[in-house]
Amino acid sequence: MKPMLCMKGDPNILSSHQYIFQPKLDGTRALYIDGKLMNRRGRNIRYRYPEFYTLEIEKDSIVDGEVVVYNDNGLPDFSLLQSREQTSNELKIEILSKQYPATYVVFDCLKYKGRDLTEEPIEIRLDFLTRSIKEGKNLQKIYNTEDGMDLWKKMKKMGTEGVMAKKKGSKYYSGKRVNACLKIKNLKTLDCVILGYTIGEGKREHTFGALIIGAYKAGELIQLGKVGTGWSDQETFDLKQKMDSLILREEDDKVWLKPELVCEVEYLEFTKNVDLRAPSFKRLRFDKEPKDCILYIEE
C-alpha cells in the first residue's frame, strides 16, 4: 500500500460543492500499517517518534496522515520537524520527543479491521476514519469542511501551506497521482536575481540542473538557494541561451553569471538559512532590474 498522490489545483475550485476540503499540513506523509509508520519511500520511521507507541488505532486498520510538529503558536513547523527527522541516535530521539513532540494528523482510512476501503468513496472512508482512531495528545483527525473558500481564508490568515480538495465520491488510488485529490497552496512570490546555475544531468544534460538565485539585503547581494522546477523543456533551452551570454566563470558543478537576469519565483516560506522553501520558477521579469530585487524579512 502506497500513499495516493495529489495534483496542483486551481483556486477556483474552492467555491465548488463537489469537493471536501481539508487543511494542507506542512509535515511528513506517512501510512500507519500494522503498527508501522511508513513514509513515501517505504521506510518505517516510527522509531523516531517514541510518543507514537501509545497511539490508539484499531488493529488491522490502515490510516493515511501527516506527521507534524506544532510550534508555540499552534501551527505546523517544518523546521522543528526536520530536527526530529535528522537524527537516529536513541538518546537524542528521546530528548527531542519531549522537547518537540510530534502529532500524527490522519485524513483518510484505507482499511478498517481487515476491510479494504480503497474502493469506497471518500465520504465513507472519512466515516470509518472516525471509528478507527481515538484522538489524543499525539493523534488527531483532520478538520473537514465543504466550505473551501472559508477554509482558504483561515489558512491564509494563519500563514499555513494551503488547502487540500478531495473529490466527493472518489476512491483511494494507491501510489497514483490523480485529480481526485488536489492541493491549493498558499504561496508567496519574490523577484530574484539569477546568480548562476548547476550543471545538468540526464534529461537536462544539455541545459542546466537548477538556478542559483539571490536578492539584495541591506545593499548586499545574497544567495537564497536554488530553484529546480517550474519551466517547460522549451523554456529551459531558451533560458540556457540567455544565461550562456552572461557567464563569468565555472566552479566545480556550478556556472556563475553576471547578475543581470531577473526571475519571479513562487515559494512557501524562508528557511532559517534564508533559503526559499519549496521554490518554483514562474517567469523571467524583463520589466525589473536586478537592483529592484530587494529582500525584506525580519530576523
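Are F52 and Y104 buried or exposed? Both F52 and Y104 are buried, where buried means under 20% relative accessible area, exposed over 50% and partly exposed in between, with a 1.4 Å probe and protein chains only.

## Basis of the report

The model is predicted, so local features need pLDDT of at least 70 and side-chain atom pairs count only at pLDDT 80 or more, while totals for chains, interfaces and linings use all residues. Residues are numbered from 1 along each chain as its sequence is written, and side-chain values use heavy atoms, with hydrogens and water left out.

## The four-stranded sheet

Four strands form an open sheet of mixed pairing, in the order β1-β12-β11-β2. Helices (H or I, at least four residues) and strands (E, at least two) are DSSP runs numbered from the N terminus, and two strands pair if DSSP finds at least two bridges between them. Strands β1 (5–8) and β2 (19–24) stand at the edges with a single partner strand each, so one side of each is left without a neighbour in the sheet. On average, neighbouring strands of this sheet are turned by 35° against each other, direction ignored.

Helix α3 (residues 122–132) packs on the sheet, where it touches β2 and β11 (162–167), and its direction makes about 50° with that of β2. Such angles run from 0 to 180 degrees between N-to-C directions, with axes fitted to C-alpha atoms, for helices over the stretch in contact. Contact means heavy atoms within 4.5 Å.

## A disulfide between two strands

Strands β1 and β12 (residues 177–185) pair in the parallel sense over four bridges; in β12, L182 is the bridge partner of M7. The whole structure holds one disulfide, a term for a pair of cysteine sulfur atoms within 2.5 Å. C6 and C181 form this link, with their sulfur atoms 2.2 Å apart. C6 lies in strand β1 and C181 in strand β12, so the pair ties together parts that are 175 residues apart in sequence. Both C6 and C181 are buried.

C192, by contrast, is in no disulfide, and the nearest cysteine sulfur, that of C263, is 5.5 Å away. C192 is buried, with a relative accessible area of 0%; C263 is also buried, with a relative accessible area of 0%.

## Nonpolar cores

A nonpolar core is a set of buried Ala, Val, Leu, Ile, Met, Phe, Trp, Tyr and Cys residues joined through side-chain atoms within 4.5 Å. The largest one has 31 residues, and L211, I213, L224 and M243 have the most contacts inside it. Elements that give two or more residues to this core include β14 (211–217), β15 (220–227) and α5 (233–244). Strand β13 gives the most to this core, with six residues. Apart from it lies another core of 27 residues, among them I20, L37, L81 and A102.

## Aromatic pairs

There are eight aromatic pairs. Rings of Phe, Tyr and Trp (its six-membered ring) pair if their centres lie within 6.5 Å; planes under 30 degrees apart count as stacked, over 60 as edge-to-face and the rest as tilted. F52 and Y104 form a tilted pair, 6.2 Å centre to centre with 45° between the planes. F52 lies in the loop between β4 (36–39) and β5 (56–57), Y104 in strand β7 (residues 102–112), 52 residues apart.

The rings of Y112 and F128 have centres 5.2 Å apart and planes at 50°, so this pair is tilted. Y112 belongs to strand β7 and F128 to helix α3.
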